[in-house]
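This briefing sets out selected features of the structure shown below. The points are grouped by topic and follow a few lead sentences.

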Amino acid sequence: MDLASILLGGLAAGMVLFVVSVGLSVTMGLMGFVNLAHGGFAMLGGYAVVLAMRHWGLPFSAALAFGFAAIAALSVLLERTLYARLYRATELDQVLFTIGLVFVMIASVTLVVGPESQRVVLPAWLDGQTDLGFLRYRTYSLALIGAGTALMLALWLGFERTRTGARIRAAVDNRRMAESLGVDVGRLFTLTFALGSGLAAVGGGLGAEILGLDPQYPLRYLAYFLIVVAVGGLGRVTGVFCAALLIGVLDFTLKIYFPKGGTMFIYALTLALLLARPQGLFGRKGA
Amino acid sequence: MAGAPLPAARELARRHRLQWWEALPWAAGLAAFFLFPNYLAFGTQVLVTILFALSLDLVLGYAGIVTLGHAAFFGAGAYTVGMLAAHAGWTEPLSGLLAAALVAGLLGLVSGWILLRTHGLTLLMLTLCTMALLEQAANMFSEFTGGFDGMPGLSFKAIFGQFEFDVLYFRTQYLYALAVLFLGFAVVRVLVYSPFGRSLTGIRENLLRMHAVGAPVRARQVLVYAISAALAGVAGAVFVQATGYVNLAVLGLERAAGVLIILILGGYGRLYGAFAGALAYMLLEHTLSKAYPTAWQLGLGLTLMLVALFARNGIFGLADALRRRWSAR
Amino acid sequence: MKAKTLLTLVFAAASLTAAGAQAQSVKVGVVLPYTGVGAEFGQAVDRGIQMFLKLNPAAFGPYKVELVKRDSKNPSGAEAKTAVQELIAQDKVDLLTGFIYSPDAIASAPLVSAAKKPMVVMNAGTAWITNLSPMISRVSFSMWHSGHAMGEAAAKLLKAKTAVVGYSDFPPGKDSLDAFLRGFETHGGKVVDAIPMGGPGQVPDFTPFFQRAKDRKPDVFFVFVPAGDHAVSVVKTYAALGMRQAGIKLIGPGDITQDFKLQAMGDDAVGLITMHHYNADLDNPANRRLVAAWKQEYGANAVPDFMGVQGYDGMAAIAHAVTTLKGKLDADQVQAALKGWKYADSPRGPIMIDPATRDIVMNEYLSELVKKDGRLYQKNIGVITAVKDMCKELKQGKCAN
């Protein structure tokens with residue numbers, strides 16, 4: 001099998017991981033809050049996309065935008081009413097809360113929509129294969145790669161070149177100092193949380209084609225999202241991007257040559273990486 | 001200056017002494033045996049989970065090590081007993097427990113030595129990865145482990161040659177689990193109030209100072225991790241001996257995350273938090289799922305959220321807060 | 001302690017009501033995953049059970065049937081075992097049924113043997129499950145039913161000479177591989193590669209495995225993955241890699257074309273050939289009636305699938321036992337009544353419980369997916385009648401016990 005196919009396949013999978021996990025990395029890095037319900041927002045986003053397309057006939061892109069907005073709004077509501085109370089709590093209480101929240105999300109979706117998995121109907125321009133000249137490849141995978149890269153660039157620009165981005169980076173690195181300089185950290189939290197959850201929602205919708213979409217989604221992929229965040233380094237968009245792609249490509253490649261080992265390689269790889277660099281690929285030492 | 005010791009010192013010196021109410025859980029455990037003879041299979045599961053949660057409390061509550069991979073040791077103990085029984089014909093239960101403790105403890109020693117140089121999210125992920133690796137390995141070598149379908153029909157010799165395992169009513173299993181839990185608890189209690197245990201609390205509360213006074217921090221952490229692993233292995237062993245069946249689920253994230261939730265719910269660092277958490281969570285889950293087979297997760301999730309929001313450090317934390325409010329009147 | 005007093009009261013109340021209702025009723029314990037990863041399968045079987053009761057109100061005669069439902073939660077077997085123990089000891093059911101996942105059935109076997117309670121398996125497909133206890137009978141399938149038959153059909157009907165097998169790396173997958181290999185090679189074919197494709201837990205990306213299969217250039221590519229999301233992913237990957245254009249036919253057991261996931265597969269699935277004991281497009285009167293009633297009850301987009309039919313047939317078996325024994329369900333007599341039981345009115349065609357193995361004997365239908373009236377439709381292109389579980393028949397591996 002040629003290198004190009006392997007690379008493209010791995011990159012596409014990695015992109016999905018990136019889009020979902022980047023929000024988790026930023027919120028954990030910024031707020032220091034262990035949000036294990038992040039996968040739940042991704043799932044709810046996926047369902048929002050599917051239901052919008054099915055019941056309101058929205059086209060795919062519009063449905064994704066709707067998913068972003070809806071879940072971002074929901075997350076603001078939850079953040080202001082519930083999450084904010086736990087900012088001063090121990091990490092373990094945060095774990096307890098967010099796991100409870102995930103259970104509620106899973107059960108609610110199961111009761112309202114049903115336990116069956118949902119399917120996203122791709123628009124014609126995203127379906128089928130594309131001729132790249134040297135290779136014919138799955139159009140959707142190519143689209144994912146493009147979308148993921150564009151998103152990464154947009155986020156990077158946002159963080160590096162805007163005032164708000166600078167404030168967020170400052171607050172991640174040293175919250176007290178940022179506060180004493182007049183940065184409204186509380187509002188930043190809400191904004192970042194909304195952005196992160198909205199992105200997760202988009203990831204859920206985009207990734208449904210590859211990762212599937214059913215009520216068990218949040219718990220099934222939780223380990224993967226956490227791994228990507230840990231390997232990439234907390235709060236680092238470029239870090240998460242590289243980690244997600246690395247894990248995607250390596251897992252894909254190893255599966256071709258060692259199908260029996262399967263998912264074992266992701267774990268072995270993460271172990272090796274984190275032992276060599278505990279702060280993640282791009283994280284700050286001693287964070 | 002000579003004279004009566006300060007109240008604080010007196011309090012600290014007294015803490016390790018047995019209180020009268022510590023007999024209650026064991027009395028309740030025995031009483032349950034007579035009051036609920038048809039629920040002893042469930043009861044055995046609760047006892048096994050308490051022991052597992054207790055082992056986690058050692059590392060989490062006392063040494064401050066947060067791990068999402070403790071089921072690795074539970075599973076190691078479980079598979080040790082299972083494979084000894086299925087492949088080597090070794091079905092004596094008590095020596096099986098010992099073997100499980102040894103294997104799991106050794107695994108804890110090695111992995112602790114490698115992993116405990118990290119902390120926080122990194123450590124969390126490393127423990128998770130170790131456990132997942134073991135799970136995949138068990139799947140890969142399914143000729144030995146039975147893989148997803150597991151090893152069914154494991155039967156064990158009678159305990160002391162006298163007490164046969166009771167397939168249908170789980171009577172022997174329940175008392176066996178209770179006895180093992182009692183012994184395990186005794187070990188943990190003695191450990192926690194020993195100088196070694198005190199130094200663990202020191203490591204958890206003020207790492208810098210412990211380094212400054214020259215305490216062998218890493219060594220202590222690895223040691224308690226290994227002891228906790230051995231204990232978790234024993235819990236896994238009892239689980240397999242009681243149910244006669246082992247499969248990949250003993251190494252799964254669901255079990256590891258479940259025991260973590262249970263400990264947080266009950267209150268960690270409190271010894272009896274494991275008891276409270278396991279009983280509360282499993283009873284709630286059991287009764288809810290019987291009443292609402294499709295919707296019980298909702299009720300359980302809401303309960304967890306409420307406890308996290310309003311009770312710092314779980315059930316025992318809640319009890320503490322209430323007691324303080326009462327005595328403040 | 002409050003919880004315990006409450007439990008004691010509930011226990012007392014329950015036993016009082018149970019004592020009153022005992023007269024002419026039969027208690028059936030139903031162990032299914034109502035939550036968790038298997039929830040949609042639990043729902044399918046549960047609906048099948050309800051449909052039988054609805055369409056055959058006289059099936060149980062004058063005897064009332066009381067279903068006691070318990071959630072088996074996750075496929076680890078431990079929850080199922082606890083549920084079965086309580087159903088036997090506490091609820092005092094007359095027999096047990098359900099069991100989606102093999103570990104659930106496997107874990108429960110020693111209990112039903114010790115307590116002597118009949119157990120009618122409505123799904124769990126590991127071949128040697130029926131050997132675990134004389135109390136177990138099965139109305140669903142074993143992986144060997146479809147696997148072996150497909151191997152035979154691939155060689156004889158599809159005239160394939162070479163095959164690659166892709167399978168999920170857990171016992172049903174390995175069973176399926178062994179079964180297909182036996183059937184295919186006995187009839188002149190050759191399996192050139194067997195590719196394990198990750199575990200049943202997550203839905204892995206199949207592209208690397210399928211690419212490897214494509215590189216081998218076989219006549220047919222036999223794929224087994226657990227029913228559910230995996231199957232949809234299989235079809236998409238097959239299309240995405242252009243394997244049909246490369247001349248490789250995609251075949252498999254009907255698990256990969258589970259009826260309520262079928263329409264989701266889209267046009268990519270056209271041409272897929274499967275071998276199974278049921279699909280919703282089977283043309284017989286019982287099935288037409290079931291499909292119509294199902295749509296009426298659960299919505300126009302709902303459709304029964306093989307799990308639903310297994311629930312349906314399981315209740316038929318239980319009804320037979322109850323009416324034959326006039327409500328007095330002695331375990332040994334139940335098993336005797338079920339052995340050799342024939343049911344001509346099943347939506348999947350005539351079925352029978354083999355008296356020698358207590359496993360199901362049924363037709364296996366070879367179907368090709370075509371597009372008709374704008375939807376995907378299973379076209380029947382062949383049938384093998386009265387298929388037994390070949391694993392036990394040929395005494396392969398663990399089935400020899």
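In this predicted model, strand S1 (residues 25–32), helix H2 (residues 39–55) and strand S2 (residues 64–71) of chain C make up a β-α-β unit that is right-handed. S1(C) and S2(C) run parallel and are joined by eight bridges. Both strands belong to an open sheet of five strands in chain C, ordered S2-S1-S3-S4-S5, in which the pairing is parallel.

**The sheet of chain C**

- The edge strands of the sheet are S2 and strand S5 (136–138) of chain C, each of which pairs on one side only.
- From one strand to the next, the twist averages 25°.
- S1(C) is also joined to strand S3 (residues 95–98) of chain C, by four bridges, and these two strands run parallel.
- S3(C) pairs in turn with strand S4 (residues 119–121) of chain C, in the parallel sense and over three bridges.

**Residues that stand opposite each other**

- S1(C) is mostly covered, with seven of its eight residues buried.
- In a regular strand, side chains alternate between the two faces of the sheet.
- S3(C) is covered on both faces: C:Leu95 and C:Thr97 are buried on one side, and C:Leu96 and C:Gly98 are buried on the other.
- From S3(C) the chain passes through helix H4 (residues 102–115) of chain C to reach S4(C), and this β-α-β crossover is right-handed.

- C:Glu79 is part of helix H3 (residues 78–89) of chain C.
- Is C:Glu79 buried or exposed? C:Glu79 is buried, because 24 other C-beta atoms lie within 10 Å, and the cut-off for burial is 20 or more.
- When residues up to four places away in sequence are not counted, C:Glu79 touches C:Ser72, C:Lys73 and C:Asn74.

**Helix packing in chain B**

- Helix H3 (residues 40–62) and helix H12 (residues 253–266) of chain B pack at an angle of about 75°, and their axes are 9 Å apart.
- H3(B) is therefore roughly perpendicular to H12(B), a description that covers angles from 65 to 115 degrees.
- On the side of H3(B), the contact is made by B:Thr49, B:Phe52, B:Ala53, B:Leu56, B:Asp57 and B:Leu60.
- On the side of H12(B), the contact is made by B:Val259, B:Leu260, B:Ile262 and B:Leu263.
- By class, the residues in the contact of H3(B) with H12(B) comprise eight nonpolar, one polar and one charged.

**Contact of chain C with chain A**

- This contact draws 27 residues from chain C and 25 residues from chain A.
- On the side of chain C, at least two residues each are supplied by H2, strand S7 (190–196), helix H7 (207–216) and helix H8 (229–240) of chain C.
- H7(C) gives the largest share of that side, six residues.
- The side of chain C that touches chain A contains 12 nonpolar, nine polar and six charged residues.

**Contact of chain B with chain A**

- Here 29 residues come from chain B and 33 residues from chain A.
- Helix H6 (120–140), H12 and helix H14 (296–310) of chain B are the elements that give two or more residues to the side of chain B that touches chain A.
- The largest share of that side, 11 residues, is provided by H6(B).
- The side of chain B that touches chain A consists of 22 nonpolar, six polar and one charged residues.

Conventions
Residues are numbered from 1 along each chain as its sequence is written. Chains are lettered from A and ligands numbered from 1 in the order in which they are written. This is a predicted model: local features need pLDDT of at least 70, side-chain atom pairs count only at pLDDT 80 or more; totals for chains, interfaces and linings use all residues. Axes are lines fitted to C-alpha atoms, for helices over the stretch in contact, and angles run from 0 to 180 degrees between N-to-C directions. Angles under 35 degrees count as roughly parallel, over 145 as roughly antiparallel, 65 to 115 as roughly perpendicular and the rest as oblique. Two residues are in contact if their C-beta atoms, placed from the backbone, lie within 7 Å. Ala, Val, Leu, Ile, Met, Phe, Trp, Tyr, Cys and Pro count as nonpolar, Asp, Glu, Lys and Arg as charged, and the others, Gly among them, as polar. A residue is buried if 20 or more other C-beta atoms lie within 10 Å of its own, exposed if 12 or fewer, and partly exposed in between; C-beta atoms are placed from the backbone. Two strands pair if DSSP finds at least two bridges between them. A crossover is right-handed if, with the strands pointing away from the viewer, the path from the first strand over the helix to the second runs clockwise.
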